[in-house]
Amino acid sequence: VVVYFLDARRHRWLNLGFASLQPSELAKPALILFLAWFISTRQRAINDKHTLGPAGLILTILGITVVAADLGTAMVLVATAAAVLYVAGIDRRYLFIGATLVAIAAAGAILAKPYRVARIVGKLDPDYTIISRFDKDGAIRRYVQRSVSTTDLGYQPRQSKIAVGAGGVFGLGLMQSRQKLMYLPEAQTDYIYAVVGEELGLWGSAAVLAGFFLILWRGLRVYFLAPDAFGRCLALGVTVSIFIQALMHISVVLDIGPVKGIPLPMISYGGSSLLSTLTSLGLLLSVSEHAG
């Protein structure tokens, strides 16, 4: 069982015959529901060991299975859990301990996969200028190049910025993107925001970003008006999950953060991501229906 979950190629997608399903996407609404239920039932004893123990065990198991295959989704889950637990009143020292353990686990997950190391190197030192000073025999370069199809680690961010810059203020027009024609990898999923910038320009990109800020505003409004702890945790978890994922995608496209394959909610191609997002929004609307 452990080998199955740690095998990223088998864990990332499930073939259902008529369609493929990405299990890590379904972990988002599942985690939000669990946190909302757990915190609402243990709100007065949130810092008790009988509360932190089971919660920590479940989050650890979930984290291991998700990190093994999809580090980006794991980061979204961690940010969501941290926000919900912080608002629920968990002691900051426990959050600090958890953040330290997450950082160690994330570092180990990155080092375990050459392509993840390549993304970090591509962002911080794509020409190996700094790395070559202490990596005299080129071990790190060989390890990184074991999983990359090009020696140019800055290729994806460069093509993304070219797409965004080519759009200008008003864009080239719908379906007129040039970068998505074999220049920009995964243009329909991981770099869809770059295509939006190229085809719709600054106004289109700003409109998409404004849409996610609208979700943030409405989600926080539902959080403050929710009638009970379960509804508040549910609203906060959904809002943070969607907004954080959107910011991560946009930061990658604009070369603010390292390359990470993460879809833009409701816009990127992918049925699993859309199903997860719409399920989460349905939960948010359910809470909103009962909000004062």
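Is Gln179 buried or exposed, and at what relative accessibility? At 10% relative accessibility, Gln179 counts as buried, where buried means under 20% relative accessible area, exposed means over 50%, and partly exposed lies in between (1.4 Å probe, protein chains only).

## Basis of the description

This is a predicted model, in which local features need pLDDT of at least 70 and side-chain atom pairs count only at pLDDT 80 or more, while totals for chains, interfaces and linings use all residues. Residues are numbered from 1 along each chain as its sequence is written, and side-chain values use heavy atoms, with hydrogens and water left out.

## The chain as a whole

The protein chain has 13 helices and two strands; helices (H or I, at least four residues) and strands (E, at least two) are DSSP runs, numbered from the N terminus. Of its 292 residues, 41% are buried. The accessible surface of the chain comes to about 15700 Å², and 67% of this surface belongs to carbon and sulfur atoms, with areas taken from the Shrake-Rupley method with a 1.4 Å probe, for which, in the case of residues, only the protein chains shown count as cover.

Among the contacts in the chain with a separation of 6 or more, 69% are between residues 24 or more positions apart, a contact being heavy atoms within 4.5 Å.

## Two helix pairs

Helix H3 (residues 23-41) packs with helix H13 (residues 271-290) at an angle of about 20°, and their axes are 7 Å apart. Axes are lines fitted to C-alpha atoms, for helices over the stretch in contact, and angles run from 0 to 180 degrees between N-to-C directions. H3 and H13 are therefore roughly parallel to each other, since angles under 35 degrees count as roughly parallel, over 145 as roughly antiparallel, 65 to 115 as roughly perpendicular and the rest as oblique. On the H3 side, the residues that meet H13 are Glu25, Leu26, Lys28, Pro29 and Leu33, and their partners in H13 include Ser272, Leu275, Thr279 and Leu283. The residues of this contact of H3 with H13 divide into five nonpolar, five polar and two charged; Ala, Val, Leu, Ile, Met, Phe, Trp, Tyr, Cys and Pro count as nonpolar, Asp, Glu, Lys and Arg as charged, and the others, Gly among them, as polar.

Helix H5 (residues 71-88) and helix H6 (residues 92-112) pack at an angle of about 180°, with their axes 11 Å apart, and H5 and H6 are therefore roughly antiparallel to each other. Leu71, Val78, Ala82, Leu85 and Tyr86 of H5 make the contact with Arg92, Leu95, Val102, Ala109 and Ile110 of H6. By class, the contact of H5 with H6 has nine nonpolar residues, no polar residues and one charged residue.

## Residues in the loops

Gln179 lies in the loop between helix H10 (155-167) and helix H11 (192-225), and, not counting residues up to four places away in sequence, Gln179 touches Gln159, Ile162, Ala163, Leu184 and Glu198. Gly173 is also found in the loop between H10 and H11, and is partly exposed, with a relative accessible area of 23%. Met182, again in the loop between H10 and H11, is exposed at 79% relative accessible area, and has a positive phi of about 75° although it is not a glycine.

In the loop between H3 and helix H4 (49-67), Ile46 counts as buried at 8% relative accessibility. Ile46 and Gly89 are 43 residues apart in sequence and 7.0 Å apart in space, C-alpha to C-alpha.
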